[in-house]
Amino acid sequence: MESLSNKKKVLEQKPLSFMERMYLPAIAKGMGITISHLFKKEATVRYPEVEREFSANFRGMHSLKRDENGKERCTACGLCALSCPAEAITMIAAERKPEEKHLYREEKYAATYEINMLRCIFCGLCEEACPKEAIYLDGPIVPADYLRKDFIYGKDKLVEAPLEMKK
Amino acid sequence: MDTGFIIEKFILVAVIFGISLVIAMYSTYAERKVAAYLQDRLGPDRAGPFGILQPLADGVKMFMKEEIIPTTSNKWLFIVGPGLALLCACIGTAVIPWGSPMVIGDKVIPLQVSDINVGVLYIFGVVSLGVYGVMIGGWASNNKYSLLSAIRAASQNISYEIAMGLSIIALLLMTNTLSLKTIVEQQHGWHWNVLYQPLGFLIFMVCSFAETNRAPFDLPECETELIGGYHTEYSSMKLGFYLFAEYINMFVSSAVMATLYFGGYNYPGMDYMATLLGPTWAPLFGTAILFAKIFFFIFFFMWVRWTIPRFRYDQLMNLGWKGLIPLAIANIIITGVVIAIIEKF
């Protein structure tokens with residue numbers, strides 16, 4: 001029967017010729033190939049010392065942004081937590097007091113803001129959901145750690161450094 | 001038998017023992033580095049500069065690991081196995097001539113532990129004994145995989161020993177001696193045996209791959225079929241002993257190949273170097289040359305390991321019995337006929 005695609009190839013198993021049965025020519029050829037790899041550049045990146053360059057849209061650790069006056073942008077609306085498919089984000093909102101006006105941009109802010117880095121899948125839906133441009137996944141790779149509780153990142157690790165410290 | 005003689009031999013034995021252990025240690029490092037570079041990787045580079053302390057770290061790890069002796073094993077044989085493997089691997093170095101006699105002051109010190117007149121036979125005996133360590137370990141583990149692996153190792157060694165012995169007979173027809181020292185002295189300068197016995201060398205080399213259980217003949221430790229092979233049940237330094245024995249075996253068979261076929265400590269232009277360096281330092285230079293040859297062979301062992309896939313067991317037996325043994329016998333006949341013709345005319 002003719003095959004539909006005409007891509008079928010009938011392979012016949014030929015008995016090995018004398019040269020092939022000697023193994024040696026094939027072995028010599030193979031060893032030539034491996035020795036040529038001795039002089040090729042290795043593909044390894046020595047990670048902690050050398051870091052590979054990431055693409056421009058690489059999604060790493062989250063950071064909570066500040067506005068141009070150094071006030072936290074986040075208003076604890078909860079849209080990021082709602083959009084998160086891995087349910088990694090939790091927060092508790094609080095009302096801004098008059099004397100805290102220089103710290104928070106809106107009248108409501110996040111008193112605690114936690115991301116569980118073991119749950120997070122770095123999809124970037126939180127930064128898409130955010131109406132205040134307060135969260136971006138623009139950080140480095142999340143480092144390894146020993147305990148599960150150490151992977152729950154609070155505001156101390158997430159919020160950007162204040163403006164004067166940045167300089 | 002004066003005390004000077006005993007001290008001299010003791011120092012020589014200690015030095016050779018130390019060197020073979022250090023070489024075995026750094027062979028593990030070299031193996032990983034060679035494997036890495038042949039596969040476009042870097043290999044171990046964390047412990048010390050270029051990972052040079054990696055073997056020490058591995059050694060410490062081996063010692064610190066928990067020692068497990070299976071309750072169903074034969075305890076005494078289980079402990080003897082790795083010791084025997086390492087012992088048999090080490091004593092092979094005793095008859096290898098490491099250099100021409102060294103002259104210090106008015107003393108002549110032979111750089112060979114003992115020049116017995118049946119050196120080649122001794123090497124063969126020791127190599128054959130080596131399989132006992134594997135056999136005993138595999139059997140005493142009381143584990144099906146270990147036992148199968150031990151059987152494989154034994155039958156493989158027996159099959160390839162025949163071809164190895166036959167390839168040596170062709171060499172002995174030419175040298176007329178079994179003493180390794182005399183065989184090396186006959187290869188003065190560039191009269192290396194490999195030039196007269198290329199086929200014999202090829203057979204010998206293939207067989208020594210099989211004897212040391214190295215790839216492509218590493219069927220006793222074939223992990224896809226036999227888990228870890230004969231050392232499946234071993235842990236801690238007993239496992240370390242088995243791995244060590246493999247590398248020492250590799251070192252010894254490299255030394256034997258260099259001695260029998262590649263002229264040992266001989267090199268072209270050695271007479272000129274002897275007058276240049278004097279009778280004390282010229283032998284040491286020869287020893288360095290010998291070690292360069294040995295290191296090349298060790299590298300060759302590794303190079304082959306990371307190139308050729310493992311043979312199937314029936315292919316292994318086919319190659320040994322139907323390929324190498326007839327070839328070795330043909331080599332003997334050709335050598336004998338050629339020698340007879342040369343002596344006649």
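Guide: Let's start with what touching will mean here: two residues are in contact if their C-beta atoms, placed from the backbone, lie within 7 Å. This is a predicted model, so local features need pLDDT of at least 70 and side-chain atom pairs count only at pLDDT 80 or more, while totals for chains, interfaces and linings use all residues. As for names, residues are numbered from 1 along each chain as its sequence is written, and chains are lettered from A and ligands numbered from 1 in the order in which they are written.

An unreviewed UniProt entry lists C84(A), C120(A), C123(A) and C126(A) under "binding site". These four span 43 residues of sequence, yet they cluster in space, with a largest C-alpha distance of 10.5 Å. The unreviewed entry also puts "binding site" on C74(A), C77(A), C80(A) and C130(A). That set is spread over 57 residues and clusters too, its largest C-alpha distance being 10.4 Å. A caution on such records: positions follow the numbering used here, feature names are shortened, and annotations may be inferred rather than shown by experiment.

Now for where they sit. Helices (H or I, at least four residues) and strands (E, at least two) are DSSP runs, numbered from the N terminus. C126(A) belongs to helix 4 of chain A. C123(A) is in the loop between strand 3 (108–116) and helix 4 (125–129). For burial, count the other C-beta atoms within 10 Å of a residue's own, with C-beta placed from the backbone: 20 or more is buried, 12 or fewer is exposed, and in between is partly exposed. C126(A) has 24 such neighbours and so is buried, whereas C123(A) has 15 and is partly exposed. Setting aside residues up to four places away in sequence, C126(A) touches C80(A), S83(A), C84(A), I89(A) and I135(A).

C130(A) lies in the loop between helix 4 and strand 4 (135–136) of chain A. Its 20 C-beta neighbours inside 10 Å make C130(A) buried. Beyond four places in sequence, C130(A) is in contact with L79(A), C80(A) and I135(A). I135(A) and C80(A) are also touched by C126(A). C74(A) sits in the loop between strand 1 (63–64) and helix 3 (79–83) of chain A, and 26 neighbours put C74(A) in the buried class. With residues up to four places away left out, C74(A) touches L64(A), Y109(A), A110(A), Y113(A), K132(A) and A134(A).

The strands of this chain come next. Two strands pair if DSSP finds at least two bridges between them. In chain A, three strands make an open antiparallel sheet in the order 2-3-5. Strand 2 (89–95) and strand 5 (152–153) are the edge strands, each pairing on one side only. Strand 3 meets strand 5 over two antiparallel bridges, where N116(A) has I152(A) as its bridge partner.

Over in chain B, helix 11 (residues 270–305) deserves a look. It has 36 residues, but its end C-alpha atoms are only 33 Å apart, short of the 52 Å a straight helix would reach; that expected span is 1.5 Å times one less than the number of residues. A kink of about 125° falls at G278(B), shortly before the proline P279(B). The bend at a residue is the angle between axes fitted to the seven residues ending there and the seven starting there. Buried residues of helix 11 include A282(B), G286(B), F297(B) and R305(B). The buried residues of this helix pack against helix 1 (3–38), strand 1 (99–104), strand 2 (107–111) and helix 10 (236–260) of chain B. Those two strands of chain B run antiparallel, joined by four bridges, with I104(B) opposite K107(B). Their hairpin has two residues between the strands, and G105(B) there takes a positive phi near 65°.
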